[in-house]
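The following note sets out numbered points for a colleague who will work with the coordinates. Please read each point alongside the model.

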Amino acid sequence: MLDTIISALNNANIDVWQITRRDIESCELFFIKKKLDLRRMKKVCKYDVKVWHDMDVDGKKLRGEGNAYIYPGMDEAEITAVLKSAYTAAGFAPNPFYELPKPEVENLPDVEFDCEKAALTMVEALYKADNHDKGFINSAEFFAEKCRITLVGSNGMNISYPTTDIKGEFVVQCKQPQDVEQYRSFEYSLPDPDSLTEKVNAAIIAVEDRANAVKSAPAGIYDVVLTGDHMRTMLDYYLERADASTVFAHYSDFRIGESVQGEDIVGSKLNIKLLHNEPFSAEGIRYTDRDLVKDGKLCCMPGQSRFAYYLGVEQVGRYYKLGVDNAGMPYREMLKNCIEPISFSDFQMDAFSGHFGGEIRLAYLYDENGNRSLVTGGSVNGEIFSCQKDIVFSDERYSAYDYEGPFAMKVKGVSVAGL
């Protein structure tokens, strides 16, 4: 099929192109409580083709891009027609010319990964925590996937490498003293049963606490302790504001070598790294772990290569995983005179406005002695520009598919709407 697509590209007189082939094996398991309800195994091959249409308009060199999706069973004539259509469409939306990333040539060996075995390992880990008196797992879904990605380009790029992924979601429930359900998700590159068991155990404890929570926290200004995935969401601000496309469009004023936290930093100066789970980006750029922010200052601008080219900065690719090197305070020491949201209806960070927040489903309210009470309702409404100078991170660590770093961060002076 790959040779057929290349032949069709030549027949269509398309000179600049990239083919992405994905050979995917997967196992999907669906449970109702502890009973397997559906098992699905799949093996598919997908082809995506990106084409570039170069032109000269009034002496100005332009380059447009289009995408075509090739399906199994298409013959060369059908493929040629689809590619010509994508090439024509690319000519209607040209951009200033840009160079493609330097071509790489690499063929990485396969890895041992049995999708069904990996999924069943995580099934066992998830239900290992389902041993509480009141809280229990209502339902769960598991998706294990092994994929070989092949990138071939007209510029000489020829890359092939494997990826693995296991992810899923589950719903925990507690019926007494009130009926409450809460949704959770997980994702790992490889099975991590201990981590999943710990995550599920914490989720069941949280849903039991939510069933017992009846009051809102008094409205006011609080120090807020964010943990795990909520803290990772906060850090999206720095990743999105540093993206080359955001800077190029003037949605962000981040500049390499300049502070991303403002001046007069009182708390931790941020040290954020770009990490990777795969060896190459979708554009064929070789990933390397690198500094995004060092001592509070921006080090690079990740993102689509086109915008990096326009800005004249290194084309490093788009990253999704962050690592944070900061520490400074034991987690338990943070839990005084603060509120710790455990679950939100939907916690979000708006990188453009700097606003973060969400409606509280469960939070722990701590007094000056560290005594805890359960609260529900109300919302967290903060603005990162006013509080990023005072961020403090925990010594304890946390690891997820898209994050490695401190387990918790303390953000001071955040508005909490309650009663």
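1. Of the contacts in the protein chain with a separation of 6 or more, 70% are between residues 24 or more positions apart; contact here means heavy atoms within 4.5 Å. The model is predicted, so local features need pLDDT of at least 70 and side-chain atom pairs count only at pLDDT 80 or more, while totals for chains, interfaces and linings use all residues. Residues are numbered from 1 along each chain as its sequence is written, and side-chain values use heavy atoms, with hydrogens and water left out.

2. The protein chain holds 9 helices and 22 strands; these are DSSP runs numbered from the N terminus, helices being H or I of at least four residues and strands E of at least two. Its C-alpha trace spans about 75 × 55 × 35 Å along the principal axes. Of the 419 residues, 48% are buried, where buried means under 20% relative accessible area, exposed over 50% and partly exposed in between, with a 1.4 Å probe and protein chains only.

3. An open sheet is formed by 6 strands in the order β12-β11-β10-β13-β21-β20, with mixed pairing; two strands pair if DSSP finds at least two bridges between them. The edges are taken by β12 (297–298) and β20, each of which has a single partner strand, so one side of each is left without a neighbour in the sheet.

4. Within that sheet, strand β21 (residues 403–406) runs parallel to strand β13 (residues 321–324), and 2 bridges join them. L322 has Y403 of β21 as its bridge partner. With strand β20 (residues 397–400), β21 pairs in the antiparallel sense over 4 bridges. R397 stands opposite P406 in β21, and S399 has E404 as its bridge partner there. The hairpin that joins β20 to β21 passes through 2 residues.

5. The largest pocket holds about 1,600 Å³ of space. For reference, the search uses a 1 Å grid over the protein atoms alone: a cavity is a set of points where a 1.4 Å probe fits but cannot get out, a pocket is an open set with protein on both sides within 12 Å along at least five of seven lines, and lining residues have an atom within 4 Å of a point. Grid points are joined across faces, edges and corners, and the volume is the space filled by probe spheres set on the points.

6. Which residues lie nearest the centre of the largest pocket? They are R184, K199, G228, D229 and Y398, out of 50 residues that line the pocket. Two or more lining residues come from each of β7, β8 (180–188), α4 (193–212), α5 (228–242), α8 (331–334), β14 (338–344), β16 (355–366) and β20. Helix α4 gives the most, with 8 residues. By class, the lining has 20 nonpolar, 14 polar and 16 charged residues; Ala, Val, Leu, Ile, Met, Phe, Trp, Tyr, Cys and Pro count as nonpolar, Asp, Glu, Lys and Arg as charged, and the others, Gly among them, as polar.

7. S160 is placed in strand β7 (residues 158–174). Its relative accessibility is 10%, so S160 counts as buried. Neighbours within four places in sequence aside, S160 is in contact with E106, N107, L108, R148, I149 and T150.

8. The count of aromatic pairs comes to 22; rings of Phe, Tyr and Trp (its six-membered ring) pair if their centres lie within 6.5 Å, with planes under 30 degrees apart counted as stacked, over 60 as edge-to-face and the rest as tilted. The ring centres of F170 and F186 are 6.4 Å apart and their planes stand at 35°, so this pair is tilted. The pair links distant parts of the chain, F170 being in strand β7 and F186 in strand β8, 16 residues apart. F170 counts as buried because its relative accessibility is 1%, and F186 counts as buried at 5%. By contrast, the rings of Y309 and Y310 have centres 6.5 Å apart and planes at 65°, so that pair is edge-to-face. Y309, at 35% relative accessibility, counts as partly exposed. One aromatic cluster is formed by F31, Y127, F142, F170, F186 and Y188.

9. E78 belongs to helix α2 (residues 76–91). With 40% relative accessibility, E78 counts as partly exposed. Although E78 and A8 are 70 residues apart in sequence, they are 9.1 Å apart in space, C-alpha to C-alpha.
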